[in-house]
Each structure stands twice: as C-alpha cells, then as structure tokens.
Amino acid sequence: MHSRTPYEIARKCRLLPTRFSSDFIGANAANFKQYKENRLVGFSQTQMYNVAATVADYQSFVPWCSRSTLDRIISEKESDWVLHVGFPPLNEKYVSRVTTKEPLYVKSVCDDGKLLKYLESVWIFRPAGDHDYFSDNKCIVEFYVGFQFRSALHANLASLFFDRVVNKMTGAFEDRARLLYGSPSIPSKTLSVRMI
C-alpha cells in the first residue's frame, strides 16, 4: 500500500498550492515560478514552526523584509500581515494572509500586490521519522514558494536571481533557529530540491 507523503497530504488538505493547476499556469507558465525544497535540520519541529510562525520578527531576519506589521487577526490560526519587501528597483508592500497549525505548518498567501500578482509560501514541519533519525531535536522542513509578477520585466529580473533568493530565504530561517536555540543537533542536509 502506498503511504502518502506530507506533500500529498498537504495538497489534499489544500495547503499546497492553491493555484498550482494547469488551468492557472496555462499561458502564464513563463511568469509563474515555483520552488520546493525538503531539508533535514537539527532543530525540532516546534522550534522551526516557531521561527516561521513569528511573522512579527521577519523584519529582523528575513532577507529583504524591512517591515512586518500585524494588520488584523481573523482567528486564532489566521491573520493578515503587512510586509514591506524588496530591493531597488523591486520594492513591494503587500498584505499576506498567514494560516498556521502548530507545529505542523505555516502558509502565507498574497494576491493583492502591486508588483506581485500572486505569492504563496508554505512551510511544513514533520519529525525526522526514520528509525535511525528519530529525535526530538531534528525535523524535516518542506518549503514551497510560488509567485507571479504582474509585469514581464519584473518576471525576467526575478528569473535571474530566483534560485539565489530562495536559497537565501531557507538559510535565513535556519540561521534564526540557530540564534534562538543554539547549535543544531546535526548539520542540515538537503533531501530534495525542485524548481519549476
């Protein structure tokens, strides 16, 4: 019997991604970028969840995020945040709807940006479950980001730096965990990377 991966479960629960379909991508495929990475990290599921869920601190450690301000609380698990991100000439202020389920995932969606037509990121945290690897101080982080710029010019600029930007992003979250919780229990290991 085939057991479902956390990615498949997240997709079934509508965590990943809301616009990842052939209808949406169709003619816009050139402007829609996606990245997915699985990493084994030396921090617990709860520790990594706390780093990703504390959006108020993004301005302190997320690359190119200069400000993160709570706009409104929708429920205990859902809130809107105003984020200021970018570097000249690509600067953006947008509202991101953040949905969380402790300690399993953090999902963020923006579909009202001036430069960005759509932005979605999802962090899924699961215990490192192999018998040899099971431990409270390790977990597997599954990170997904998909975005589309409104203009072809901005899409082309983003394409030049896309892989470096997402690598810097994932590294920033691990660096934050290191700052908050100390040295990792094991060195991080990339399990898979996929860019579309």
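## Strand pairing

Two strands are said to pair if DSSP finds at least two bridges between them. In this predicted model, strand 1 pairs in the antiparallel sense with strand 8, residues 189–195, over six bridges. Within strand 8, Arg194 is the residue that stands opposite Lys36.

Strand 1 also pairs with strand 7, residues 139–149, again in the antiparallel sense, and here there are 10 bridges. Gln34 has Gly146 of strand 7 as its bridge partner. Strand 1 covers residues 32–41, and nine of its 10 residues are buried, so this strand is largely enclosed by the rest of the structure.

## Overall organisation

The chain contains five helices and eight strands. Along the sequence, these elements follow the pattern α-α-β-α-α-β-β-β-β-β-β-α-β. Of the contacts with a separation of 6 or more, 57% are made by residues 24 or more positions apart.

The chain has 196 residues, of which 44% are buried.

In soluble globular proteins, nonpolar side chains tend to be buried together. The largest nonpolar core in this model comprises 33 residues, and Met48, Trp123, Phe125 and Phe173 have the most contacts inside it. Strand 7 gives the most to this core, contributing six residues. A second, separate core has seven residues, among them Phe32, Tyr105, Tyr118 and Ile124.

When residues up to four places away in sequence are not counted, Phe125 touches residues including Gln45, Met48, Tyr49, Ala52, Tyr105, Ile140 and Val141.

Terms used. Residues are numbered from 1 along each chain as its sequence is written. This is a predicted model: local features need pLDDT of at least 70, side-chain atom pairs count only at pLDDT 80 or more; totals for chains, interfaces and linings use all residues. Side-chain values use heavy atoms; hydrogens and water are left out. Buried means under 20% relative accessible area, exposed over 50%, partly exposed in between (1.4 Å probe, protein chains only). Helices (H or I, at least four residues) and strands (E, at least two) are DSSP runs, numbered from the N terminus. A nonpolar core is a set of buried Ala, Val, Leu, Ile, Met, Phe, Trp, Tyr and Cys residues joined through side-chain atoms within 4.5 Å. Contact means heavy atoms within 4.5 Å.
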